[in-house]
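Hello,

Here is the structure I promised to pass on to you. Please open it next to this email, and then read on for what turned up in it.

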Amino acid sequence: MFTVAQITDLHITTDRDKLNQERNEARLRATLASIMRLRPRPVAVIATGDLVDRGEVDEYRNLKAVFEGFDIPVHFGVGNHDLRGPLREVFPDDRVRTDKNGFVQYAIEFDDYRIVMCDTLEAGAAGGGFCSKRASWLNSTLRKRPRTPTLIGLHHPPIPSGIRWMDEDPSSGWIRRLDRVLRKHSQVRAVTCGHMHRPHSRLFGRTMVTVAPATSIQLTLDLTEVDVRVPDGREILLEEPAGFTLHMFDRGEITAHTCLAGEWPSAVQYLYPFLKD
Ligand SMILES: [Fe+2]
């Protein structure tokens with residue numbers, strides 16, 4: 001058994017946006033501290049995009065500074081707030097890897113498992129994208145280890161949350177393209193995403209999709225109708241605690257724990273045997 005922590009939607013920025021920067025950096029640091037306290041310690045951390053707010057080099061430099069001294073291997077993916085060029089400029093190392101077309105897509109190999117990071121960034125759009133080049137890369141990557149239980153990490157969830165102003169049309173081309181690839185590879189046990197700043201899960205075809213909470217602020221859980229052309233003053237984001245997902249790889253399957261970042265007082269201790277004979 002081993003674990004991998006997933007962080008997402010860090011939205012690190014610069015002093016140009018001081019309030020957001022101070023808050024988002026503090027929340028990311030609290031999340032990383034929580035991950036470091038976990039036992040057993042996760043063997044890796046994956047970050048599923050929206051690493052920064054505007055895709056600027058200075059923002060990625062601030063991100064890099066937060067990870068200074070953090071000694072668990074980190075693997076970055078991209079979201080709609082990221083830009084591939086500036087990200088690669090600041091992280092030319094193997095924390096960011098690209099396929100032959102320049103998409104931030106790569107496999108993280110373990111003895112009995114794999115994590116495959118995919119790139120759903122569509123330049124200039126808030127929603128996701130997964131073009132035929134990316135789909136064919138995923139298809140051939142999954143073909144290389146067809147019997148190895150695999151977790152896919154990407155930014156945009158292909159499932160609806162019910163928070164309507166953020167949800168994608170489930171019939172959009174990129175979602176159907178992703179579905180067609182996943183249906184061919186039964187070793188894919190789960191897909192894990194970010195983007196929604198609120199944890200939820202749902203089946204996508206025969207694959208479980210989980211969405212991790214943001215390390216920055218969370219989306220308000222409001223499942224009522226909304227007219228996306230008429231702002232009505234409703235709350236859409238709130239300062240719920242930062243969070244992350246802990247993926248446990250065990251006996252060929254993957255369990256996802258949604259976690260709050262922070263330190264909590266102890267409530268009950270193990271003082272008596274769980275089993276008495
Ligand atoms: Fe985000």
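**What was found**

Let's begin with a helix: the cover over the buried residues of α2 includes α3 (84–90). Please keep in mind throughout that this is a predicted model. Helix α2 spans residues 57–66, and its buried residues are Glu 59, Tyr 60 and Leu 63. Looking down the axis of α2, you would find these buried residues within an arc of 95 degrees, so they line one face of the helix.

Now for the whole protein. Its secondary structure comes to 5 helices and 13 strands. The radius of gyration is 19 Å, close to the 19 Å that the globule rule gives for 277 residues, so the protein is as compact as a globular protein of that length. Along the principal axes, the C-alpha atoms fill a box of roughly 60 × 45 × 40 Å. Of the 277 residues, 39% count as buried. Among contacts with a separation of 6 or more, 69% are between residues 24 or more positions apart.

Next, look for the open sheet of 6 strands. Which order do its strands have? The order is β4-β5-β6-β7-β9-β8, and the pairing is mixed. At the edges stand β4 (106–109) and β8 (200–204), each with a single partner strand, so one side of each is left without a neighbour in the sheet. On average, neighbouring strands of this sheet are turned by 20 degrees against each other, direction ignored. As background, strands of a sheet pair through backbone hydrogen bonds, either parallel or antiparallel.

You can follow the pairing at both edges:

- β4 and β5 run antiparallel and are joined by 4 bridges. A hairpin of 4 residues connects β4 to β5, and Tyr 106 has Met 117 in β5 as its bridge partner.
- β8 and β9 (residues 207–211) also run antiparallel, with 5 bridges between them. Here Leu 203 is the one to click on, as its bridge partner in β9 is Met 208.

Helix α4 (residues 132–144) lies across β4, β5 (114–117), β6 (150–153) and β7 (188–193), and runs at about 170 degrees to β5. Its 13 residues reach 19 Å from the first C-alpha to the last, close to the 18 Å expected at 1.5 Å a residue. Which residues of α4 are buried? They are Arg 134, Trp 137, Leu 138 and Leu 142. These residues cover an arc of only 125 degrees around the axis, which puts them on the same side of α4. The cover over them includes β5, β6, α5 (173–183) and β7. On the other side of α4, Ser 132, Ser 140, Arg 143 and Lys 144 are exposed.

Finally, take a look at Gly 243, which sits in strand β12 (residues 243–250). Is Gly 243 buried or exposed? Gly 243 has 23 other C-beta atoms within 10 Å, and 20 or more make a residue buried, so Gly 243 counts as buried. Not counting residues up to four places away in sequence, Gly 243 touches Pro 199, Pro 213, Thr 258, Cys 259, Leu 260 and Ala 261. Ala 261 is 18 residues from Gly 243 along the chain, yet their C-alpha atoms are separated by 5.0 Å.

How values were computed. Residues numbered from 1 in each chain as written. Predicted model: local features only at pLDDT ≥ 70, side-chain atom pairs only at ≥ 80, totals over all residues. Helix = DSSP H or I, 4+ residues; strand = E, 2+ residues; numbered from the N terminus. Rg over C-alpha atoms; globule rule 2.2 N^0.38 Å. Buried ≥ 20, exposed ≤ 12 C-beta atoms within 10 Å, placed from the backbone. Contact = placed C-beta atoms within 7 Å. Pairing = 2+ DSSP bridges. Axes fitted to C-alpha atoms, helices over the stretch in contact; angles between N-to-C directions. Expected span 1.5 Å × (residues − 1). Arc of directions from axis to C-beta.
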